[in-house]
Amino acid sequence: MDTFLQQIINGLTLGSVYAIVALGYTMVYGIIQLINFAHGEVVMIGAMVAYSTIVALSGGTGLPPALVLASGVAAAIPVCMAVGYALERVAYRPLRHAPRLAPLITAIGLSIILQHLALIVWSRNPLPYPQIIATVTYQITATAGGATITNVQIAIIGGSLATMALLLFLVYRTKLGIAMRAVAQNQQVAGLMGIDINRVISLTFVIGAGLAAIAGVMVGSYYGIAHYQMGFILGLKAFSAAVLGGIGNLGGAMLGGLLLGIIEALGAGYVGDLTNLCNLSGWSTALAQRCAVDSNLTLFGSNYQDVFAFLVLIAVLVFRPSGLLGERVSDRA
Amino acid sequence: MLVLSRLELAYGGIQAVKGIDIVVDQGELVCLVGANGAGKTTTLKGICGLLPVKAGTIVYRGENVTGSPAFRLVRQGLALVPEGRGVFGGLTIEENLAMGAYIRTDRAGVAADVERVYALFPRLKERRRQTAGTLSGGEQQMLAMGRAIMSRPKLLLLDEPSMGLAPLMVQKVFETIIAVAREGVTILLVEQNARLALEVSHRGYVMESGEITLAGEARALLHDPKVRAAYLGEAA
């Protein structure tokens, strides 16, 4: 039971990061039906910029740690926004009316370019995120040694929820948000309302990139490491989360992100036990003898964690391509 | 107000409008009638900057606006109610009206105009928090017109407002057109229902295969034997 609760907490932490990244995918898809595969790299750049800022500021400046971390976020957001804006303006806008394969391939190319720019700037080594805020672990079950939650996890979950609430307010309660939804539904008519479509699309990329910056700092702080390739798998997982929830749907991205995080954590937590061949000791004496020495003879360990996201992606594409909250694809004109 | 000179437009590779001249004066209600495929909708789209102009000029309020994108023209007081209404189906009625007023910054004026639209179409007020996709065709047409009014246009372009509507609804839509025109909004109305359009308009143009074949006082056109035969379903 404690494993279960612990994995739910871990999953929620990871899932709230996925949710924020997935929102970036889904917003862009919703408005111009483009999968921005370079989005994961924007997350990476956010983590890197925050890393550099934190390292620069924590070296004997005597600033309070919380302020240093906040400066990291504050530096990462505008840089990522600029990258997001540039991606759209330079690479995607000229291809707005090209066949859909062209922007898709461009996105993959941009992803590679951004990775290698980061490699030049930040080197190929994994960079240790400075632990400027001491990790505090809270016991949440009655028995000692049970499930725990750390202050970092609380900050990530709380920060994500606040970010998502802010985004929902922006999209559903402000004029810009209504205009974004109007452009997503019918660009031509939106233009007839006096909405500058290019500006709204740019802003969508910029907002998504701002979310990616926040997610980047979260991932860096959670795993304690930043690396120029960290955005790739993370991006693919967040994309899977967006598809799971129904791509183009904001609520879907949030739900999909949280669910994917939990599925992944539970999968990682139980896959070892479930595929432990010692469970089958009764079937073979040779196996029983082997297991008497070492009771762990697992086929798949928790290092297979990454597999679950993609199993979910495959299952969704086979059984419910529109995702949990998505409309049927044929309903979109 | 609006002067089209030798305007040529292509639609899908076909020359749909072949050098037409149309003038709409301040405060007028002018209609453009003609059969399906005559190039009426293409003309409106060309005026709004939704289609590239091949040749000729569009002068709006004394300024050459040929090739201006739609969103700029809207800011200069031009509004189009597109064919098939083009409401944002996933947005609520309130949000649709808010988008109509997108270019305006006077909150109090916008709020007052929302009430004006609701007074004109009480059905919309009842359903203001519903998404526009749940409305009937007639209600959507009302919403589209209400939304256009929200921008306080100086020139309103209407594309087939009666299309696909029940007769009672058509009547309501045309009553609204007349009411809006009385408030001083200049209107260019495109209609397949030539009789109705000519009855409410000051002047009319008849379009055939991309060319203007007849023009004049609406009342005169209504009694023109050629128009009667071709568009009003009467023997010459």
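**Note on a predicted two-chain model**

1. At 4% relative accessibility, B:Glu160 counts as buried, where buried means under 20% relative accessible area, exposed means over 50%, and partly exposed covers what lies in between (1.4 Å probe, protein chains only). B:Glu160 sits in the loop between β7 and α7 (167–182) of chain B, and its phi is near 50°, a positive value in a residue other than glycine.

2. This is a predicted model, in which local features need pLDDT of at least 70 and side-chain atom pairs count only at pLDDT 80 or more, while totals for chains, interfaces and linings use all residues. Residues are numbered from 1 along each chain as its sequence is written, chains are lettered from A and ligands numbered from 1 in the order in which they are written, and side-chain values use heavy atoms, with hydrogens and water left out.

3. A positive phi of about 50° also occurs at B:Arg152, which is not a glycine. Most residues other than glycine have a negative phi. B:Arg152 belongs to the loop between α6 (137–150) and β7 (155–159) of chain B, and it counts as partly exposed because its relative accessibility is 45%.

4. Chain B contains an open sheet of four strands in the order β2-β1-β4-β5, with antiparallel pairing; its edge strands are β2 (14–24) and β5 (63–64), each of which pairs on one side only. Here helices (H or I, at least four residues) and strands (E, at least two) are DSSP runs numbered from the N terminus, and two strands pair if DSSP finds at least two bridges between them. Strand β1 (residues 2–11) of chain B is joined by six bridges to the antiparallel strand β4 (residues 53–60) of chain B, and B:Val3 stands opposite B:Val59 in β4(B).

5. In chain A, the buried residues of helix α6 (residues 175–185) include A:Gly177, A:Ile178 and A:Ala179. The buried residues of α6(A) pack (contact means heavy atoms within 4.5 Å) against α1 (2–32), α5 (151–173), α7 (187–192) and α8 (197–223) of chain A, together with α3 (93–100) of chain B.

6. A:Ile154, whose place is in helix α5 of chain A, counts as partly exposed because its relative accessibility is 42%. In helix α2 (residues 39–58) of chain A lies A:Ser52, which is partly exposed with a relative accessible area of 29%. The C-alpha atoms of A:Ser52 and A:Trp283 are separated by 56 Å, and these residues are 231 residues apart along the chain.
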